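The following exercises are to be worked through with the sequence and the model at hand. Each task is followed by a solution in steps.

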Amino acid sequence: METKLTRLLNIKYPIIQAPMFLVSNVAMVTEAMKAGIAGCIPALNYRTLEELREAILKLKQNKVEGGSFGFNLIVNKSNIKYKGQLEVLCELGCDFIITSLGNPEETINEAHKAGIKVFCDVTDLRFAKKVEALGADALIAVNNEAGGHRGNISPKDLIEQLNANCNIPVISAGGVGTKQDLDKMLSYGAEGVSVGSPFIASLEAEVTEDYKQACVDYGAEDIVMTERISGTPCTVINTPYVQKIGTKSPWIERLLNKNRKLKKWVKMIRFSIGMKATEKAAKQATYKTVWVAGPSIEHTKQILSTKEIVARLIS
């Protein structure tokens, strides 16, 4: 299963355990590395730079041959911790950074000075060509089967479009829950895949058992798009609570979003409120269950170790 991604990161299998807000942690990524894949954690999972620093040092200590680790950075103005996070990552080092939601130019420049590779989330060719021109090492092609903030283009069309017009590796994000899915993405021309939702129901994930069990009990048909987390459509499990509150933004937000000057502030407030609600649902028992997940939970039939989930993806 050698591909450009396995060579870029010196991993055994062309899989990145995707960064998931509140879900990804050191234990998961350590087990992912032991299983021969790459693991990634959102830098925002750590409240302080000191906590981020501790996580990097622990992962460096736990690193094994055939595995690698990285961090996800939100690179737009909504992440007020961005500058400090980038500085710590470049100072201590990691194998790669995945950028999301913004201009990655500074991240690419600073990371490359520190010998860190940078992969950029893209949902279409326009953004892909921009980040390639900035020096990105690979594209994370977020398709319409991804969990969280997904794209609008099918995996096949997006992979083929990017390969036809770009010269850096394409890593497909979304729609992978089995070895058959992995083989399909590689057959379309992807050099690897980024897989998130199947790892929510892992022993190492530090979320509630209710969240994990929901990923077992619900399937692809139970995934809906909501605007109530970040103001941008995001995939969640269609629990009774989600059905009760609906998936559209409140009318006052929709009205304010029509004002160009106010739109940015409305989105920032919605993002803050949505993240707090998501955190509460993930970390403690509550009737307000807003659980982020993608359609690939269709293949999650029981709570397993990270090692066992990787085994399902490669055999």
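**Exercise 1: A helix over the barrel**

Task: Determine which strands helix α7 lies across and how α7 is directed relative to β7.

Solution: Helix α7 (residues 155-165) lies across β5, β6 and β7 (170-173), and runs at about 165° to β7. Helices (H or I, at least four residues) and strands (E, at least two) are DSSP runs, numbered from the N terminus. Contact means heavy atoms within 4.5 Å. Axes are lines fitted to C-alpha atoms, for helices over the stretch in contact, and angles run from 0 to 180 degrees between N-to-C directions.

The model is predicted: local features need pLDDT of at least 70, side-chain atom pairs count only at pLDDT 80 or more, and totals for chains, interfaces and linings use all residues. Residues are numbered from 1 along each chain as its sequence is written, and side-chain values use heavy atoms, with hydrogens and water left out.

**Exercise 2: The strands**

Task: State how many strands form the closed barrel and how they pair.

Solution: The closed barrel has 8 strands in the order β1-β2-β3-β4-β5-β6-β7-β8, with parallel pairing; two strands pair if DSSP finds at least two bridges between them. Neighbouring strands of this sheet are turned by 25° against each other on average, direction ignored. As one example, strand β5 (residues 117-122) is joined to the parallel strand β6 (residues 138-142) by 4 bridges. Val-122 has Ala-141 in β6 as its bridge partner.

**Exercise 3: Two helices side by side**

Task: Classify the packing of α2 and α3 by angle and by handedness.

Solution: First, the angle between helix α2 (residues 26-34) and α3 is about 25°, and their axes are 10 Å apart. Angles under 35 degrees count as roughly parallel, and α2 and α3 are therefore roughly parallel to each other. Next, Val-26, Val-29, Thr-30 and Met-33 of α2 make the contact with Ala-55, Lys-58, Leu-59 and Asn-62 of α3. Finally, the crossing of α2 and α3 is right-handed, meaning that the near helix is turned clockwise from the far one by less than a right angle.

**Exercise 4: A loop residue**

Task: Locate Asn-45 and identify the residues that Asn-45 touches, not counting residues up to four places away in sequence.

Solution: Asn-45 belongs to the loop between β2 (38-42) and α3 (49-62). With that exclusion, Asn-45 touches Met-20, Phe-21, Leu-22, Val-23 and Ser-24. The Asn-45 side chain reaches the backbone oxygen of Ser-24 at 2.9 Å and that of Met-20 at 3.4 Å.

How values were computed
A polar contact is a pair of N or O atoms within 3.5 Å; within protein, one must be able to donate a hydrogen and the other to accept it, and residues adjacent in sequence count only if both atoms are side-chain atoms. Angles under 35 degrees count as roughly parallel, over 145 as roughly antiparallel, 65 to 115 as roughly perpendicular and the rest as oblique.
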